[in-house]
Amino acid sequence: MNYVVFRTTILATLIAAAGWQTTAHAGAFTGKVSLPDGKPAFGAMVTVFNADQTARQTVYTADDGSYAIRTPYTGKLDVRARLANFEDIRSTVESTADAVNALDLKLKPFASKEAASDALSASAHNARLKWESPADKAAFVSQCNYCHQFGNATTRVPRSHEQWLDTIRKMEGILAMVTRFQKETFARIFSRDFDGTPVEATHDYGATAELAKGKVEEWLVGDAMSFVHDMDVLDDGLFYGTDEGHDMLRVLDPKNGKIENISLPDIDLPRAGLFSGFQLPIGIYTGKHGPHSMAQTSDGRAWITNALSSTLMSFDPKTKEFKTYPVPGDAIYPHTIRVDKEDIVWFTIVASNQVGRFDPKTEKMTVMRMPHNGFWRWVSDMLFPTLVRISSWFPEQSVFLNFAHHRFLGFNVLAFPYGIDVNPKDGGIWYAKLYANKIGRIDPKTLEIVEYDTPLGGPRRPRFDRDGILWIPAFDDSALMRFDPATLKFENYKLPVLAPGEYETPYALNVHPKT
């Protein structure tokens, strides 16, 4: 099985402090994992795959290298030990119900520098790029890392300057915004530094004693081209994933691993919906709605933002019925969605700089224009929805790029209200503007809007904790921000990196509801 495909089509949940018990246990594996010199391997991942490779469970070794894992799997099972800087070790065990399998595993060095390089994360490969300008590096982090991890085995292969320019043009077709000069600079640096020679780095993931108490369960869902964007756990205990590429809900019962695939109702739009004029990733989008995010109201209905059709959709888990609500006006790309204590649905509309409010009781929808944050962003807010529609007359040609003023202005011309959440203390609605580097508050009663500059760049999908503190990923600056709405003060925390010179791109976060 292709691991990249496997990884990109998985719904996963961490079974740790919450103490969830999702599956019955059939057997167990115990043993130790050691390093090549015989010393204990601390923090190594020990993964047991089920017989047909559609599910897997993982635990981590303690400081003495020991592990123990109980699984529901029987039959011919693949067991893998993995630790950064070493080659994976695999063993196959025939396991029966109630069996306790003793299995020690010894890691070994990589056979070659090339094999060691191929096993490194994208952050190590991106760190080899020698940037001549901090501004160019910042644009690369912001615009070349957001929809996939640049630097994987497919994207980092050696290419000529012209081949890289062609790749960047394709990325512009799905809204990577770089200037004309940056395109040339990027192509020159990529062709120079991604030269095929192995990268050498020693990664440290920072194993701790707490890690050995955790367990991760994963299930394969969808197909090789599924794009399960968000996942939610509804009050029926099932896991619901929005497959943006195929207009489907992927519904997983974690107790038995069974998956139900529920298609969204059709709509009179071409493939990729309102974005049919964009140069889409090959083979991914077959849908028209593009379901993105989900949240549940107290009546049990789930509410889904459909990014590609600019609609809001309700789904009743009991009857399996959908109902579609078009988002009025020039709304483009409904995105993150949350529900407040009054059962009002709030969602960001990123590409047209708006936030939507929907009352399920009255079915009244209100679309609010966010502050423009400057003249050129005002131009974008007014023109971009029209350009998207004009581009749809020319499928997959990205005609809107012919009018892209960001190419010569030298800065980002979209605001992008992205993530959104509800303050549990006062019910205030807070959102993050990814490209304007702002957060804002909407008064849920008066709809008054106040915005604040963030000290770090790329605020993406924030969440509140139970004390009313807003935690914000700083995508562009490899950090986490803490914001106190009572004092209006920020605190910044740089994220740990795996090796010197690397960086992280934190996309989203969640907060445990109790701790």
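**Note on sheet pairing and nonpolar cores**

1. Leu470 stands opposite Phe483 of strand 29. The model is a predicted one. Strand 28, residues 470–474, runs antiparallel to strand 29, residues 479–484, and five bridges join the two.

2. Strands 11 and 12 form a hairpin, with five residues between them. In the turn, Gly237 has a positive phi of about 80 degrees.

3. The largest nonpolar core has 29 residues. Those that touch the most other members are Phe278, Ile332, Tyr333, Phe384 and Phe416. Helix 7 (residues 375–391) gives the largest share of this core, three residues. Another core, of 24 residues, lies apart from it; Leu35, Val59, Ala81 and Leu103 are among its members. As a general point, nonpolar side chains tend to be buried together in soluble globular proteins.

4. Which residues is Tyr333 in contact with, leaving aside its neighbours within four places in sequence? The contacts of Tyr333 on that basis are Glu244, Phe275, His292, Ala307, Leu308, Ser310, Thr348, Ile349, Val350 and Ala351. Tyr333 is also one of the residues that touch the most other members of the largest nonpolar core.

Methods. Residues numbered from 1 in each chain as written. Predicted model: local features only at pLDDT ≥ 70, side-chain atom pairs only at ≥ 80, totals over all residues. Heavy atoms only, no water. Core = buried A, V, L, I, M, F, W, Y, C linked by side-chain atoms within 4.5 Å. Buried < 20%, exposed > 50% of the residue type's maximum accessible area, 1.4 Å probe, protein only. Helix = DSSP H or I, 4+ residues; strand = E, 2+ residues; numbered from the N terminus. Contact = heavy atoms within 4.5 Å. Pairing = 2+ DSSP bridges.
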